[in-house]
Amino acid sequence: MKGLIAFSPCSRRFPKIRISPRSFLASRSNFDRSYSTSALRKRDFASFFYHNELWSDHHTSPPMMEKRCARHSTHAVTDQSLASSNYRETEVLTPRRLLRLYGQLSKSRLTTLVVLTAMSGVALSPLPTTLPVLLSTAVGTAMCSASANTLNQLQEVPYDAQMARTRMRPIVRRAITPLHATGFAIATGVAGPAILWIMVSPVTAALGAVNIGLYAGVYTWLKRKSILNTWVGAVVGGLPPLMGWTACGGKLLPLADYPFQFFLPSFLSPSPQDISLVDNPLSPIALFMLLYSWQFPHFMAFSHQVRASYAQAGYKMLSVLSPHKNTLVALRHALLLVPICSVLFPLSGLTTWTFALTSLIPNAVGVRAAWGFWRRGGEKEARAVWQHSLWYLPVILALTMVHKQGMEWTEWTWKR
């Protein structure tokens, strides 16, 4: 029988080696014994790499081979020691750490913004309220937001792990178990609407429950299905001011005894209108439209900056599928904010017509940034739009309070 030829593909230094069939079979039996199931459990990764010289009759290892094996073993030991040094035990969930994790599950900054926008509806309402109602509205709204954000994170764990921006969220890094997070979401999702129902009003509680369903259900599901997720998310952001409005007893839909009222400028109105008429369906529409349209420049600019992460996780965002249309939507709603502030707000009676003039300044800055974003569509322009949107909403809400209908700041005097 002719001899077999073994080739050496892992190194060019060693030529073809001729071995006999008997030696080959003996070497194979030794190989099988060496790499049995029990032996594999005890071997490290580097032990699987051997040079073809081991198949020869003499089983001699050249000096170069010994150096390579030694180097592989050194790397294996080093990698193993590094893995051991990077190992960290899970932190014990003390009350302080647990509160911090609950804040991360609730997306505390986003929840704070939701509560503040809900309070804007209370502040701009002409109807009276009490401190218990005010506090209950804030607490109930915060719990609804916490539940929605936690349910959102529970569903997006495999996708959050792929994005640098979200891979350190508590469930992804296993700082808290999914079961624990689910319990927190259920507890806040039940307690929030219950507080609003008992302490505030059934309409406010219903809006809170609807917001949980829209955000944790429809919006989260649509993120991987359609670009319409952004429009659904804008509806979610526009509902908190309506919760504040209904907390004071305001209504949302026009009725026979609750019609639309229009507050015209003083030079067009023969006599001043009753301030109580501010409580009309046009006022909550104005509040909703402000928050709804504001979110598009804000989110479109933000999503443009992180579009690579969204694409990696498989999210259907307009910034990923059509960046130019993404900039156009941002510009469209930046322009829409001008008539919302300069026409709809004073026409509904929420503010005086002076607000139509003072709001032009922040709106002009926002439109200019959105125009540059649409024309050039670069990272710098997207960052400018996003940064402007961060201060735009607080400034506009502050101006609405300054120019609130019936609020005469100039008549305030110091009293002894």
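Me: Where does Arg 174 sit in the chain?
Reply: In this predicted model, Arg 174 is found in the loop between α7 (157-160) and α8 (178-200).

Me: Why does Arg 174 count as exposed?
Reply: Exposed means over 50% relative accessible area. Arg 174 has 70% relative accessibility, so it counts as exposed.

Me: Which other residue has a positive phi although it is not a glycine?
Reply: Lys 107 does, with a phi of about 50 degrees. Lys 107 lies in the loop between α4 (95-105) and α5 (108-124).

Me: Is Lys 107 buried or exposed, and what makes it so?
Reply: The cut-off for buried is under 20% relative accessible area. Lys 107 has 18%, so it is buried.

Me: What makes Asp 160 and Arg 169 a salt bridge?
Reply: The rule asks for a side-chain nitrogen of Lys or Arg within 4 Å of a carboxyl oxygen of Asp or Glu. The N to O value for Asp 160 and Arg 169 is 3.2 Å. The pair therefore meets the rule. Side chains of opposite charge can pair when their charged atoms come close.

Me: How do you know that Asp 160 is buried?
Reply: Its relative accessibility is 1%, and buried means under 20%, so Asp 160 counts as buried.

Me: What does Asp 160 touch, and where does it lie?
Reply: Asp 160 lies in helix α7. Leaving out residues up to four places away in sequence, it touches Gln 153, Thr 166, Arg 167, Arg 169, Val 172 and Tyr 315.

Me: Why is the pair of Arg 307 and Glu 379 called a salt bridge?
Reply: The closest N and O atoms are 2.6 Å apart. The limit is 4 Å, so the pair qualifies.

Me: What does the pair of Arg 307 and Glu 379 tie together?
Reply: Arg 307 lies in helix α13 (residues 307-313) and Glu 379 in helix α18 (residues 379-402), so the pair ties together parts that are 72 residues apart in sequence.

Me: What makes Arg 307 and Glu 379 partly exposed?
Reply: Partly exposed lies between the limits for buried, under 20%, and exposed, over 50%. Arg 307 has a relative accessible area of 28%, so it is partly exposed. Glu 379, at 32%, counts as partly exposed as well.

Me: Which residues have the most contacts inside the largest nonpolar core?
Reply: They are Leu 196, Phe 296, Met 300, Tyr 310 and Tyr 315. This core has 37 residues. A second, separate core of 24 residues includes Trp 245, Phe 263, Leu 291 and Phe 355. In soluble globular proteins, nonpolar side chains tend to be buried together.

Me: What is in contact with Met 300?
Reply: Leaving aside neighbours within four places in sequence, its contacts include Thr 230, Trp 231, Leu 318 and Phe 373.

Me: How do you know that Phe 299 is buried?
Reply: Its relative accessibility is 17%, and the limit is under 20%, so Phe 299 counts as buried. Phe 299 is found in helix α12 (residues 282-305). Apart from residues up to four places away in sequence, it touches Thr 230, Tyr 310 and Met 317.

Me: At what angle do α5 and α6 pack?
Reply: α5 and helix α6 (residues 131-155) pack at about 145 degrees, with their axes 9 Å apart. Their crossing is right-handed. Among the residues making the contact are Leu 110 and Val 114 of α5, and Leu 134 and Ala 138 of α6.

Me: How many helices and strands does the chain have?
Reply: The chain has 18 helices and 2 strands. Buried residues make up 43% of its 416 residues.

Technical notes
Residues are numbered from 1 along each chain as its sequence is written. This is a predicted model: local features need pLDDT of at least 70, side-chain atom pairs count only at pLDDT 80 or more; totals for chains, interfaces and linings use all residues. Side-chain values use heavy atoms; hydrogens and water are left out. Helices (H or I, at least four residues) and strands (E, at least two) are DSSP runs, numbered from the N terminus. Buried means under 20% relative accessible area, exposed over 50%, partly exposed in between (1.4 Å probe, protein chains only). A nonpolar core is a set of buried Ala, Val, Leu, Ile, Met, Phe, Trp, Tyr and Cys residues joined through side-chain atoms within 4.5 Å. Contact means heavy atoms within 4.5 Å. Axes are lines fitted to C-alpha atoms, for helices over the stretch in contact, and angles run from 0 to 180 degrees between N-to-C directions. A crossing is left-handed if the near helix is turned anticlockwise from the far one by less than a right angle, and right-handed if clockwise.
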